[in-house]
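Hi,

Here is the structure I promised to pass on.

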Amino acid sequence: LLSTEIENLLNQQIKKEAISASLYLSMASWCDRNGYDYSAEYFYKQSDEERHHQMKIFHYVADMGGTAISPEISNIKVEFSSFREVFEDALEAEIAITQSFKNIAAKCHKEQDYVTLEFLNWFFKEQREEEYKARRALELFDVIGEEGTGRWEIDKHVKKISYSE
Ligand code: OFO
């Protein structure tokens, strides 16, 4: 059984994952309408993954006898001031999510909730990958540069970002 505090933290995390899914969808839409097709594809996929994270935690709470709460989401950013800003926001969001998981894990340690701690391991691995991809994307802006056909070139390379362990 989950403690009330851990259950609350997990429900907050469900909401954060839902916000991430929504934010990535918004980023995909922005890239789509601004002609960055590969990046749009990248963010559509990221959005699906976040939905998967959300559901993974949702089922965990439910399976552990808790009340999984379907979150209300509002105020998702629609406009971005530049192509680069989209990726900067993505990295910032992933770093915040990693920190959030660390806080839950710290609480689990304190309460000796080793079952939830073990469940969280999967997410730490996942975050390592997500942060890597977001950083890699941002590096493209520095390596390739945005002048001339730079942004077009960056978009093409976003397609190739992959993570190997
Ligand atoms: Fe990328 O945030 Fe979910 O876990």
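Before anything else, please keep in mind that this is a predicted model.

**Overall picture**

The C-alpha trace spans about 60 × 30 × 20 Å along its principal axes. Of the 165 residues, 30% are buried. Among contacts with a separation of 6 or more, 74% are between residues 24 or more positions apart.

As general background, nonpolar side chains in soluble globular proteins tend to be buried together. Here, the largest nonpolar core holds 33 residues, and the members that touch the most others are M27, C31 and F43. Each of α1 (4-33), α2, α3, α4 and α5 supplies at least two residues of this core, with α1 giving the most, 12 residues.

**A serine in α2**

Is S47 buried or exposed? This residue of helix α2 has 20 C-beta neighbours inside 10 Å, and the cut-off for a buried residue is 20 or more, so S47 counts as buried. Setting aside neighbours within four places in sequence, the contacts of S47 are A21, Y24, L25 and A28. One of these, Y24, is 23 residues away from S47 in sequence, yet their C-alpha atoms are 5.0 Å apart in space.

**How α5 sits against the rest**

Two packed helices are described by the angle between their axes and the distance between the axes. For helix α4 (residues 114-144) and helix α5 (residues 150-158), the axes come within 10 Å and cross at roughly 145°. The crossing of α4 and α5 is right-handed. Which residues meet there? From α4 they are A137, L140, F141 and I144, and from α5 they are G150, E153, I154, H157 and V158. Sorted by class, this contact of α4 with α5 has six nonpolar, two polar and one charged residues.

The buried residues of α5 are R151, I154, D155 and V158. Looking down the axis of α5, these buried residues fall within an arc of 100°, so they line one face of the helix. As for partners, the buried residues of α5 pack against α2 (37-63), α3 (83-111) and α4.

**Two loop residues with positive phi**

N75 is not a glycine, but its phi is positive, near 55°. N75 is placed in the loop between α2 and α3, and with 7 C-beta neighbours inside 10 Å it counts as exposed. Q112, also not a glycine, has a positive phi of about 55°. Q112 lies in the loop between α3 and α4. With 8 C-beta neighbours inside 10 Å, Q112 counts as exposed.

That is what I have for now.

Best wishes

Technical notes:
Residues numbered from 1 in each chain as written. Predicted model: local features only at pLDDT ≥ 70, side-chain atom pairs only at ≥ 80, totals over all residues. Axes fitted to C-alpha atoms, helices over the stretch in contact; angles between N-to-C directions. Helix = DSSP H or I, 4+ residues; strand = E, 2+ residues; numbered from the N terminus. Left-handed = near helix turned anticlockwise from the far one by under 90°. Contact = placed C-beta atoms within 7 Å. Nonpolar A, V, L, I, M, F, W, Y, C, P; charged D, E, K, R; others polar. Buried ≥ 20, exposed ≤ 12 C-beta atoms within 10 Å, placed from the backbone. Arc of directions from axis to C-beta. Core = buried A, V, L, I, M, F, W, Y, C linked by C-beta atoms within 7 Å.
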